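Me: I am new to protein models. Please show me how to read one, feature by feature.

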Amino acid sequence: MKNIKRKPYKETYGEKLLRALHPAVLKVLTMATKSMPLRIEGRISLDGSKIFVANHFGIDNIPTAGKVIREHTYVLVSDEDKGTLNGLALSMNGCIWVNRSNKTERKYSREALIRHLQLGHNILMYPEATWNLSPNLLMLPMYWGCIELSQQTGIPIIPLYFYFTENACYVQINHPFYPYNDKTKSIVELRDIMATSAWKFAEKYGKEKRKNIDQNYLKKDIDTRYRKYKRAFKDPIGVQRYEEKFIFKPQGYVGYSEAFDFFQYLRIRKENLFLFKDWMKYHSETDRF
């Protein structure tokens with residue numbers, strides 16, 4: 001992909017102020033996560049602009065990433081929280097708001113990201129576009145916007161992976177990733193890098209005997225994450241349904257709900273009752289009857 005010609009952008013007074021205030025704002029942003037110890041593997045070794053990408057786990061994603069990156073970084077954020085207390089804190093850090101449902105706004109946000117990179121700023125993106133609540137996918141399918149930004153600006157991608165347990169957050173800072181000309185091949189490899197980090201941490205810190213795992217663990221885990229998120233507190237199922245619309249579905253991808261969708265058209269007989277065991281369990285856990 002052809003590189004974008006560098007434009008003579010100038011940092012505004014407001015951007016200079018955000019950069020100066022960053023150490024104080026970072027302390028405010030990370031107050032909610034200060035009791036969670038970080039165990040970091042790898043380090044950020046590059047100077048200059050960087051495109052950070054991270055897995056999307058929950059409400060603590062952004063402040064935890066701030067503690068790891070330390071440098072002033074603009075975050076690409078969906079605009080549902082704009083105007084809230086959390087949104088104010090994000091604005092004070094520096095963020096690019098985007099309406100995920102609006103193609104024009106997504107284009108404007110991309111232009112804003114390019115501008116920040118050419119000014120020498122860092123940016124942080126979440127290519128999964130929504131929280132990963134999957135019971136089995138280490139990483140959701142990822143959008144390739146970060147790949148295009150890297151291709152067009154020549155700025156490398158730093159993949160981060162965050163693995164949360166009850167007692168700590170384990171973080172993998174991966175080596176800089178430089179995309180190929182083929183953006184599909186690039187996003188697949190980038191996702192594989194992050195999924196490999198997930199697998200490594202799960203092997204080291206996620207060991208558990210099946211008999212000790214609560215049968216409703218997944219539902220309880222999702223409920224716990226949503227209880228911390230004010231927008232979802234009153235209607236977690238509604239917010240979950242809304243967020244599922246933004247999961248990237250590449251050709252051939254079949255989500256959990258799509259896999260079981262045919263059950264609503266199936267005539268129940270004695271011979272096929274056994275098929276409904278997992279379907280009923282899934283729908284009871286997500287309150288979708």
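Me: What should I know before I start?

Reply: This is a predicted model, where local features need pLDDT of at least 70, side-chain atom pairs count only at pLDDT 80 or more, and totals for chains, interfaces and linings use all residues. Residues are numbered from 1 along each chain as its sequence is written, and side-chain values use heavy atoms, with hydrogens and water left out.

Me: Which strand is joined to β2 by four bridges?

Reply: That is strand β6 (residues 157-164), and the two run parallel. Ile-51 has Ile-157 as its bridge partner in β6.

Me: Which way do the side chains of β5 point, and are they buried or exposed?

Reply: First the scale. Buried means under 20% relative accessible area, exposed means over 50%, and partly exposed is in between (1.4 Å probe, protein chains only). In β5, Asn-122 and Leu-124 point one way, Ile-123 and Met-125 point the other way, and all are buried. Strand β2 reads likewise: Ile-51 and Val-53 point one way, Phe-52 and Ala-54 the other, and all are buried.

Me: Where is Phe-201, and is it buried or exposed?

Reply: Phe-201 lies in helix α6. Phe-201 counts as buried because its relative accessibility is 0%. Now compare sequence with space. Phe-201 and Phe-162 are 39 residues apart in sequence, and their C-alpha atoms are 9.1 Å apart.

Me: What is a salt bridge, and how many are there?

Reply: Here is the general idea: side chains of opposite charge can pair when their charged atoms come close. The rule asks for a side-chain nitrogen of Lys or Arg within 4 Å of a carboxyl oxygen of Asp or Glu. By this rule the count is ten salt bridges.

Me: Which side chain meets Lys-200 in a salt bridge?

Reply: Glu-41 does, at 2.8 Å from N to O. This pair links distant parts of the chain: Lys-200 is in helix α6 (residues 183-205), Glu-41 is in strand β1 (residues 38-41), and they are 159 residues apart. Lys-200 is partly exposed, because its relative accessibility is 28%. Glu-41 is partly exposed too, at 24%.

Me: Which other residue belongs to the network with Glu-41 and Lys-200?

Reply: Lys-204 belongs to that network of salt bridges. Lys-204 forms a salt bridge with Glu-41, with the closest N and O atoms 3.3 Å apart. They are 163 residues apart, Lys-204 in helix α6 and Glu-41 in strand β1.

Me: How many residues apart are Lys-219 and Asp-223?

Reply: They are four residues apart in helix α7 (residues 217-227), so about one helical turn separates them. Lys-219 and Asp-223 form a salt bridge, with the closest N and O atoms 3.1 Å apart.

Me: What about Glu-128? Is it buried or exposed?

Reply: Glu-128 sits in the loop between β5 and α5 (145-153). Glu-128 is buried yet has no salt bridge. The nearest side chain of opposite charge is Arg-191, 6.5 Å away. In that count, Lys and Arg are positive, Asp and Glu are negative, and His and the chain ends are not counted.

Me: Which backbone nitrogens does the side chain of Glu-128 reach?

Reply: A polar contact is a pair of N or O atoms within 3.5 Å; within protein, one must be able to donate a hydrogen and the other to accept it, and residues adjacent in sequence count only if both atoms are side-chain atoms. The Glu-128 side chain reaches the backbone nitrogen of His-56 at 2.7 Å. It also reaches the backbone nitrogen of Leu-140, at 2.8 Å.

Methods:
Two strands pair if DSSP finds at least two bridges between them.
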